[in-house]
Amino acid sequence: MNKKVIPVATRWGSQPMGGESYYLWESPTVRVWFGQQKKRLAIGFEYLEDLSEQLPELSDNLAVIPEDIDWHYCILDKKATAIAILPVVADKPILFNLETPVLMHPGASISVYIELRTWLCFTDSSHLGKVIYEIPTVALQKAWFGNSTTDGKVCYWRKEKAMFSPVETSNHPHIAVCPVTIYNRSKSPMNLDRIYLPTSRLSVFDTEQGLVTDRVQVSYTGCTEVSSVRVSGMAPPYAKSPVLLSRPRESTGTVQSVVAGAVNLFSKFNELGDDD
Amino acid sequence: MAIDFAFQRIINFLSTELVQHYSKALLLFALGIPLSIFIANRAQRYLGQRYTVQHGLIAGQLFRWGGCILFVTAGLNQLGFSLTPLLGAAGVVGVGIGIASQTSASNIISGLFILIEEPFTIGDVIAVEQTTGEVLSIDLLSVKVRSFSNEFIRIPHETLLKNKVTNFTRFPIRRVEIDIPIAYKEDVGEVKKLIYKIIEEDLRILKIPEPFISFKGFGDSAVDLTLLVWVEKANYFAVKNALPENIKYCFDKENIEIPLPHIKLLQSEQNHSHSIVAGGFPDIS
């Protein structure tokens, strides 16, 4: 499809609509084209191999929109003159492996940093917050999280590992870093090798270091107990000049304490002691 | 004077016990039955949202029929019907009906057991004997099922209680099993790597529980492998259909042979051996 393609003026925020042009939003993992077509908003996207460390230069061939992409159409309000593109967290929890499994003794705590691939949320500027369409910036695989195949939940799975030090994401503007602190408040050691992160209560902030989410604290109290998760409701202290870009999918206040299966702990060390 | 007299007659008439009873009965019928239906609908909706659609349906039926029977009985009582002979007659009739409708009674009792045991709920996909389909409703005597070819099937509760019932959608995830025969000449390790690559690219296949390729055995014509992958129940049939097709496509691309059954005939007298490939012409050497 031969159309005039213009890169979006700002990565996050409002994009004026109108005219025959199509707009391009791109990151190393996805390219999204959108524009008005016969009074409809057309949104199409394709995923890329996430091999490049740098953002690809906008080349001439991007003016030609690939033929084989799927288009999604919607009719906007007559008053809508612009649409806003915002980063939001995934609509399901995500399962991450840890950089290396660690044995946490009772009373110990650890901070890890998780790279969250945000989703692009298109909203109608005339109805703030009214979602038109959402696109994950990376093709997501799913996994099962539970004690057995009959008891658990389907969640997303990412190959990126939770790291012990803050991750550099300047070349990946769609990645939000989520700092997670895990406390072992049980009476026995626990082997931590993967984290089940409920994302629905996370906000996304734009900072000088890139996108970040709220700080998450997880307290493990025993293998038979559910871990408690606290979401700070604000950007982590190390983030400079935070600007709130998107609110949580499930908003219940600034500081929340939810009970959820938050940390997947393999219980081989827990068998050593009683963790009441 | 005449008006006063007429008015007095009306007042006298209305104050008679008979009219009062009729009025009460009318009120009980007119208000009680709609009230029962209203409460039943509310209970059905509330319990359906809070628990399951099945729970809502049961509660709705109980409130609807229980309430109606209660108000109709009270109304009849106001009209002067004595319920004692009615109950007596109902007992006699009940014995008669009971003898005549053992099957129905059996279905009702079986239905109660099914409701208590809850092997499936509305919307589940079940298989009973030769029938497979989606459960539409669980009623007094039977379960209504819609088959995948859109046939309406009524299964009596008794059948469900006596036979093996398979619920395909009880749990959120299911395992897809695909038999993959490969020729003896192929490198099993390399074939496994290719299969894992195919699985990796299919986003419908769950990463955990991990996909697994099990060695089934040395077959007559092939090394038999079984691929075991887990998917969400909604994707089961899509993956079960698409994955073998994708594997076949990749095998063809990589020149990996999926062998046909071979039969080798040896004719020692003529010192000739004939090998016959099923589905093709014999290769005479």
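1. Strand β3 (residues 142-147) of chain B pairs with β4(B) in the antiparallel sense over five bridges, strands being DSSP runs of E with at least two residues, numbered from the N terminus, and pairing requiring at least two DSSP bridges between them. Within this pair, Ser142(B) stands opposite Pro156(B) in β4(B). This is a predicted model, in which local features need pLDDT of at least 70 and side-chain atom pairs count only at pLDDT 80 or more, while totals for chains, interfaces and linings use all residues. Residues are numbered from 1 along each chain as its sequence is written, chains are lettered from A in the order in which they are written, and side-chain values use heavy atoms, without hydrogens and water.

2. The pair belongs to an open, antiparallel sheet of five strands in chain B, ordered β4-β3-β2-β1-β5. Because β4 (152-156) and β5 (165-167) of chain B stand at the edges with a single partner strand each, one side of each is left without a neighbour in the sheet.

3. Leu79(B) lies in the loop between α3 (53-78) and α4 (83-100) of chain B, helices being DSSP runs of H or I with at least four residues. At 30% relative accessibility Leu79(B) counts as partly exposed, the class between buried (under 20%) and exposed (over 50%), with a 1.4 Å probe and protein chains only.

4. With a disulfide taken as a pair of cysteine sulfur atoms within 2.5 Å, the count over all chains is zero. The sulfur of Cys74(A) is 12 Å from the closest cysteine sulfur, in Cys121(A), too far for a bond. For Cys178(A), buried at 0% relative accessibility, the closest cysteine sulfur, in Cys155(A), is 15 Å away, also too far for a bond.
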